[in-house]
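User: Please go through the helix packing and strand pairing of the model shown here.

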Amino acid sequence: MSVDASVERRTEPENRNGDGNGVVAPSSTHRLRLNPNTDHEPDNYEDLQLEFSPLLFSSLEQYLPPFMLNARRDVKVQYMRDILLRYSNEAERNRVQKQREYRQKIMSRYQPLHRELYAMNAEKFFVPSFLEAIKNNTEEGFRSIISESSPGVYTFEMLQPCFCEMLMTEVENFEKWVYDTKFRIMRPNTMNKYGVVLDDFGLETMLDKLMDSFIRPISRVFFPDFGGSTLDSHHGFVVEYGMDRDLDLGFHVDDSEVTLNVCLGQQFSGGELFFRGIRCDKHVNTEARAEEILDYYHVPGHAVLHCGRHRHGARATTSGHRMNLLLWCRRYICPPPFLLVVNI
């Protein structure tokens with residue numbers, strides 16, 4: 001039987017309205033729609049303590065079957081949580097639980113330096129040209145502020161100097177706390193020995209907003225074939241380069257659908273990003289064509305946006321100290337056939 005045929009034959013269980021009080025009992029028959037209901041405005045889940053990202057629940061809500069869309073928020077949470085727990089394996093659930101405990105331990109002890117960083121304040125964070133393009137939310141508006149420096153590599157001015165300075169001093173304050181308390185932290189990835197994960201000490205909600213309201217609209221236009229319109233989770237971090245930090249970064253691809261890379265400062269020389277085009281896994285090390293070769297020179301406050309599969313690296317920072325904000329934007333939602341219902 002084809003997947004399409006099996007999807008069409010799926011029906012909701014007879015007790016789909018729950019126990020009479022609006023509560024849907026956890027069930028292995030919970031299913032999602034084949035396509036999202038893009039006209040539905042999902043609830044906000046940021047005030048809840050959940051096993052998964054609040055943004056993930058908001059994204060998943062658009063896939064709920066019609067009879068669930070207008071249910072109470074707690075009912076929808078129960079329904080979606082049951083699906084997510086079955087969708088993720090035990091190892092993944094354990095990883096998420098340990099990560100939550102790790103972050104709670106940090107946030108209960110670390111005292112932020114700039115609390116205004118921890119909630120989105122677009123007028124103070126972004127330059128006016130970027131805000132205007134986001135407000136208009138048109139391809140023409142985006143292209144008016146964004147340059148395609150090489151096929152698939154987009155650059156634009158984004159962050160105000162005051163935001164860059166605040167974020168850098170917040171990172172320095174966190175690193176001082178780590179040093180003073182001898183707290184062992186996890187670094188951003190396997191390639192960077194220096195830098196911090198911003199989500200780990202309380203900036204996750206702000207970065208979720210950054211991805212959802214500011215990066216996803218742009219990605220929907222420029223990366224439709226790489227999940228740009230369905231980004232619903234992220235990994236946010238700052239990396240540091242210099243003679244006493246990471247010096248360079250080898251040729252690689254990112255664990256993301258779309259990557260945002262913004263230079264924060266400070267005074268430095270070198271450190272150019274080099275791009276070499278997109279390849280499949282089998283041909284990731286093949287030579288780049290002339291039009292794919294780009295060396296990008298960092299400018300504080302200016303952003304680079306590219307798909308995670310775009311091959312790149314960073315040349316040596318020859319003097320000074322450079323900090324960059326990275327946001328790996330990901331698409332968690334990709335319902336497998338056994339979770340789907342007929343697209344009503």
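Analyst: Two strands pair if DSSP finds at least two bridges between them. Helices (H or I, at least four residues) and strands (E, at least two) are DSSP runs, numbered from the N terminus. This is a predicted model, in which local features need pLDDT of at least 70 and side-chain atom pairs count only at pLDDT 80 or more, while totals for chains, interfaces and linings use all residues. Residues are numbered from 1 along each chain as its sequence is written, and side-chain values use heavy atoms, with hydrogens and water left out.

User: Which residue in β12 is the bridge partner of Phe274?

Analyst: Strand β9 (residues 273-278) pairs with strand β12 (residues 310-314) over 4 bridges, in the antiparallel sense. In β12, the partner of Phe274 is Gly313.

User: Is strand β3 largely enclosed by the rest of the structure or largely open, and how many of its residues are buried?

Analyst: Buried means under 20% relative accessible area, exposed over 50%, and partly exposed in between (1.4 Å probe, protein chains only). Strand β3 covers residues 153-157 and is largely enclosed by the rest of the structure, because the buried residues number 4 of the 5.

User: Which residue takes a positive phi in the hairpin of β2 and β3?

Analyst: Strand β2 (residues 147-150) runs antiparallel to β3, with 3 bridges between them. Glu148 stands opposite Tyr154 in β3. The hairpin has 2 residues between the strands, and the residue with a positive phi, near 85 degrees, is Gly152.

User: How are α7 and α10 oriented to each other?

Analyst: Axes are lines fitted to C-alpha atoms, for helices over the stretch in contact, and angles run from 0 to 180 degrees between N-to-C directions. The axes of helix α7 (residues 128-136) and helix α10 (residues 204-222) come within 10 Å and cross at roughly 70 degrees. Angles under 35 degrees count as roughly parallel, over 145 as roughly antiparallel, 65 to 115 as roughly perpendicular and the rest as oblique. α7 and α10 are therefore roughly perpendicular.

User: Which residues in α10 do Phe130, Leu131 and Ile134 meet?

Analyst: Contact means heavy atoms within 4.5 Å. The three named residues lie in α7, and their partners in α10 are Ser213, Phe214 and Ile218.
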